[in-house]
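Hello,

Here is the structure you will be working with. Please look through it before reading my notes below.

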Amino acid sequence: MDKECTRSHLQEISLLEFDWKLVGRRLLDSNQLITDIDHDEKNEQNKRERMLMLWQSQKGSMATYKVLVDIFQELNNNRLAEDLSKKYNTEDNAQPARVIQVSKIPGQDNAQPARVIQVSKIPG
């Protein structure tokens, strides 16, 4: 499940070191916003925070942790992508499945594969 970013988590993320302009160009609807942030804010952390907050206000429920993780991966910042993915649990769909019950198909010989009745995620 792709979770919507919270303001407090975006504030935490803004404390991390990353190229906010590159990320902002992928998140925001306008390059002018990047220019405005760069002009208005002097501190790099404030620039990152403002960019993330603008993104959240523009995208609403579409401003998700998965979007951020994907962008950091695109920018080859795999360490940050991995850390965010673990911390905000964006890997729900990537968790392995566990077979709960299998049965043989009646009338089939033993050389045939079993039929999976039910599959669930392994709790993580």
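**Notes on the model**

Leaving aside residues up to four places away in sequence, arginine 7 touches Met53 and Gln56, where a contact means heavy atoms within 4.5 Å. This is a predicted model, in which local features need pLDDT of at least 70 and side-chain atom pairs count only at pLDDT 80 or more, while totals for chains, interfaces and linings use all residues. Residues are numbered from 1 along each chain as its sequence is written, and side-chain values use heavy atoms, with hydrogens and water left out.

Arginine 7 belongs to helix α1 (residues 7-14). The side chains of arginine 7 and glutamine 56 are joined by a polar contact of 3.4 Å. A polar contact is a pair of N or O atoms within 3.5 Å; within protein, one must be able to donate a hydrogen and the other to accept it, and residues adjacent in sequence count only if both atoms are side-chain atoms.

Threonine 64 sits in the loop between α4 (44-59) and α5 (65-74); helices are DSSP runs of H or I with at least four residues, numbered from the N terminus. Threonine 64 is buried, at 4% relative accessible area, and buried means under 20% (1.4 Å probe, protein chains only). Its side chain makes a polar contact of 2.9 Å with the side chain of aspartate 2. Beyond four places in sequence, the residues that threonine 64 touches include Lys3 and Trp55.

Regards

How values were computed: Helix = DSSP H or I, 4+ residues; strand = E, 2+ residues; numbered from the N terminus. Buried < 20%, exposed > 50% of the residue type's maximum accessible area, 1.4 Å probe, protein only.
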